[in-house]
Amino acid sequence: VSGKRYLENKEFLTRLNRRLKAKKEPRYRGKHPIGKSKKNEVAPKTRFPRSFVTQQGKSKLRLRKTKCFSEHVRKIRPSLTPGTVLILLAGPHKGKRVVFLRALSSGLLLVTGPFKYNGVPLRRVNQRYVIATQTKIDISKVDIPEQLDDEFFRRTDLKKSEHDAKDFLSEEKQKYAVTDDRKSMQKTVDTKVCAAMKT
């Protein structure tokens with residue numbers, strides 16, 4: 001607004017207010033009054049509290065939209081049913097046929113050769129590296145031990161401790177060896193699967 005326009009408006013308000021004062025009516029302040037009004041102004045709400053709690057419970061921050069691997073939904077192809085003969089597409093036993101026993105909680109497939117026929121032991125395989133065939137074996141009567149889970153197939157740590165003085169001088173490197181527990185488990189599962197294959 002220009003200065004001239006502002007002064008004209010101010011003179012107009014003074015003339016108007018004189019008339020209103022003579023009539024004993026409240027004065028006119030205009031659309032955009034200057035100065036404080038007699039109305040009670042409402043204080044704006046503070047956005048954040050002035051004081052904070054010193055000890056708060058731990059809250060899990062959702063920093064990423066994707067879920068953790070443990071929270072993923074496990075979906076297995078409908079062609080992969082227990083007893084189906086699969087063809088391995090990767091790994092040391094690539095091209096060999098194995099028997100699918102069951103799916104583990106991690107989403108991996110538990111398979112076996114059996115070891116007696118093609119040398120494939122009890123293994124965990126990703127379903128992406130597998131082709132399902134139409135050949136099926138009835139293993140409904142085969143009782144698979146509950147010990148065969150992801151914890152059973154966890155790798156052992158072969159690294160030596162840095163603080164151990166005895167291992168520091170020895171130059172022998174530890175090598176992975178199949179445990180007796182796994183050998184006995186392989187034997188029990190294979191005997192049951194071989195019996196189901198013959199029937």
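Visitor: Is Lys 24 buried or exposed?

Guide: Buried means under 20% relative accessible area, exposed over 50%, and partly exposed in between, with a 1.4 Å probe and protein chains only. Lys 24 counts as exposed because its relative accessibility is 77%. Please note that this is a predicted model, in which local features need pLDDT of at least 70 and side-chain atom pairs count only at pLDDT 80 or more, whereas totals for chains, interfaces and linings use all residues. Residues are numbered from 1 along each chain as its sequence is written, and side-chain values use heavy atoms, with hydrogens and water left out.

Visitor: Where is the place of Lys 24?

Guide: Helices (H or I, at least four residues) and strands (E, at least two) are DSSP runs, numbered from the N terminus. Lys 24 lies in the loop between helix H1 (3-22) and strand S1 (84-88).

Visitor: How many helices and strands does the protein chain have?

Guide: The chain has four helices and five strands. Along the sequence, their pattern reads α-β-β-β-α-β-β-α-α.

Visitor: How should I read backbone angles?

Guide: Most residues other than glycine have a negative phi, and most peptide bonds are trans. In this model, Lys 24 has a positive phi, near 60 degrees. A cis peptide bond joins Gly 113 and Pro 114, with omega about -5 degrees. Pro 114 belongs to the loop between strand S3 (109-112) and helix H2 (115-118).

Visitor: How many salt bridges does the structure hold?

Guide: Side chains of opposite charge can pair when their charged atoms come close. A salt bridge is a side-chain nitrogen of Lys or Arg within 4 Å of a carboxyl oxygen of Asp or Glu. The structure holds two of them. One joins Arg 124 to Asp 150, with the closest N and O atoms 3.0 Å apart. This pair links distant parts of the chain, 26 residues apart: Arg 124 is in strand S4 (residues 123-125), and Asp 150 is in the loop between strand S5 (130-136) and helix H3 (165-169). Arg 124 is partly exposed at 30% relative accessible area, whereas Asp 150 is buried at 14%. In the salt bridge between Glu 151 and Arg 154, the closest N and O atoms are 3.2 Å apart. Both Glu 151 and Arg 154 are exposed.

Visitor: Which residues gather in a patch of positive charge on the surface?

Guide: Patches are made of residues with over 30% relative accessible area and no salt bridge; like charges are joined within 9 Å, and nonpolar side chains (Val, Leu, Ile, Met, Phe, Trp, Tyr) within 5 Å. Lys and Arg count as positive and Asp and Glu as negative, while His and the chain ends are not counted. The place of a charge is taken as NZ of Lys, CZ of Arg, CG of Asp or CD of Glu. The positive patch here consists of Arg 15, Arg 18, Arg 19 and Lys 23. Arg 18 is in helix H1 and is exposed, at 63% relative accessible area.

Visitor: Which residues form a nonpolar patch on the surface?

Guide: Accessible areas come from the Shrake-Rupley method with a 1.4 Å probe; for residues, only the protein chains shown count as cover. Leu 89, Tyr 129 and Ile 131 form the patch, with about 280 Å² of accessible area together. Tyr 129 is in the loop between S4 and S5 and is partly exposed, at 46%.

Visitor: Is Val 99 buried or exposed?

Guide: Val 99, in strand S2 (residues 97-103), counts as buried because its relative accessibility is 2%. Contact means heavy atoms within 4.5 Å. Leaving aside neighbours within four places in sequence, the contacts of Val 99 include Leu 110, Ile 137 and Val 193. The C-alpha atoms of Val 99 and Ile 137 are separated by 8.0 Å.
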